[in-house]
Every structure is written in structure tokens, then in C-alpha cells.
Amino acid sequence: MRRNFLKILGSYLIGFLVYPFSSAIANNVIGYNTKLSKNEDEYNIINPDLTDEQKKIMFDEATERAGSSILNREKREGTYHCANCGVKLFESTAKFDSGTGWPSFTEAIPGVFKTKIDYSFGMKRTEYHCANCGAHHGHVFDDGPNGGKRYCNNGLCLLFIPTS
Ligand SMILES: [Zn+2]
């Protein structure tokens, strides 16, 4: 009787000691670094449902993992909008498979983006962001189909609205 009691007490104590430790490990596994470089109120966050990953890309110019966006495989007719402010950015007719792992477009709706030269990672690239809300979307290159542009857009910054 006394032995059983000690056994129960012992496993209870082990559980009590291990529990906070195991939950800390679980948090580290989730621990994708989503810390923003500024306070949230310093960003122009219009959509309150943006995830931490979306905020990290749109306001700290992070990049999603290549091939991770379901929009890479999106082939339906429709329009692509800014996930923060909802402005229409691309028509589905401008989308093409660039093989890069990011949704790619040959042209944007005129005037919807502003650009700046980005020198990060030792490269000179043209970064573009939503002219309406300022959210970063991707980089634009001159190696698109038929000598045109290639807008390389993070899928997490886009909201696709199918026509039908
Ligand atoms: Zn926007």
C-alpha cells in the first residue's frame, strides 16, 4: 500500500518536473523566427488577419521558402490581390511557370507597385512593394518570357480570387 502510494507520488513529481521542460521544447520546434524588426504599430497593417510569416515578408522584406506556396500550382482564371490591402495587382493571364518556386508574372496592373534598388545578399535587385499600403511583394527582373519582365512574388503576399 505504502509502496504504491510512493510510486504514484513519484510519477506525479516526475510529470510535474518534466512538463514545463517538454512544453519549452515544443515551443522551440515551432520557433520559426518571426520577430519583426519594428513594433507592429510602425507598419501599415490593414488586414488584421495577417499571419506572423506574412508580416515578416511584407514589412521586413523576408522571403518565403521556394516551392512552398500553393499559388505556384494555381492555373485558374482570376485576379491576384495584395493580401494586406486588397488592391488588384495581377491578372491570371500574366501568370507563367518560371520554375523558380515562386508565383511569377510577366506584367502587373499599371501603377500598383513602387520599386527600389535592393543591394541585400551582395546582389543588385529591384524590389517592388504595393503603392497603396507599402507592403513588400517581391523582386522584378528583366529575364521574363519574350524579353519581358518577370515579377517574382511571394505567394503569402497574394490573395487569389477566381473568376468563377
Ligand atoms: Zn497593399
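The donor residues of the zinc ion follow the spacing C-x2-C-x44-C-x2-C along the sequence. They are Cys82, Cys85, Cys130 and Cys133, each of which coordinates the zinc ion through its SG atom at 2.3 to 2.4 Å. Donors here are N, O and S atoms within 2.8 Å of the metal (3.2 Å for Na, K and Ca), and water is not among the atoms, so sites may look incomplete.

The model described here is predicted: local features need pLDDT of at least 70, side-chain atom pairs count only at pLDDT 80 or more, and totals for chains, interfaces and linings use all residues. Residues are numbered from 1 along each chain as its sequence is written, and side-chain values use heavy atoms, with hydrogens and water left out.

The arrangement is tetrahedral because the four donor atoms subtend angles of 103 to 119° around the zinc ion. Four donors count as tetrahedral if all angles lie between 85 and 135 degrees; four count as square planar and six as octahedral if opposite donors are over 155 degrees apart and all others between 65 and 115; anything else is irregular. Ideal angles at a metal are 109.5 degrees for four tetrahedral donors.

Helices (H or I, at least four residues) and strands (E, at least two) are DSSP runs, numbered from the N terminus. Of the 164 residues in the chain, 35% are buried. Its accessible surface comes to about 10,800 Å², and carbon and sulfur atoms account for 56% of this area. Accessible areas come from the Shrake-Rupley method with a 1.4 Å probe; for residues, only the protein chains shown count as cover. A contact means heavy atoms within 4.5 Å. Among contacts between residues at least 6 apart in sequence, 49% join residues at least 24 apart.

A search of the whole structure finds eight salt bridges, a salt bridge being a side-chain nitrogen of Lys or Arg within 4 Å of a carboxyl oxygen of Asp or Glu. One of them joins Lys116 and Glu61, whose closest N and O atoms are 2.7 Å apart. Lys116 lies in strand β5 (residues 113-118) and Glu61 in the loop between α2 (52-60) and β1, so this pair ties together parts that are 55 residues apart in sequence. Lys116 is partly exposed, at 39% relative accessibility, and Glu61 is partly exposed at 34%. Glu61, Lys116 and Glu127 are linked in a network of salt bridges.

Another salt bridge connects Lys149 with Asp142, at 2.8 Å from N to O. Lys149 is partly exposed, with a relative accessible area of 39%, whereas Asp142 is exposed, with 59%.

Arg76, in the loop between α2 and β1, forms a salt bridge with Glu74, their closest N and O atoms being 2.8 Å apart. Glu74 counts as buried at 13% relative accessibility, while Arg76 is partly exposed at 47%. Setting aside residues up to four places away in sequence, Arg76 touches Ser92, Phe160 and Pro162. Arg76 and Ser92 are 16 residues apart in sequence, and their C-alpha atoms are 7.3 Å apart in space.

Lys55 is buried, with a relative accessible area of 8%. Apart from residues up to four places away in sequence, Lys55 touches Leu36, Glu40, Ile45, Leu50 and Asp60.

Note on methods: Buried means under 20% relative accessible area, exposed over 50%, partly exposed in between (1.4 Å probe, protein chains only).
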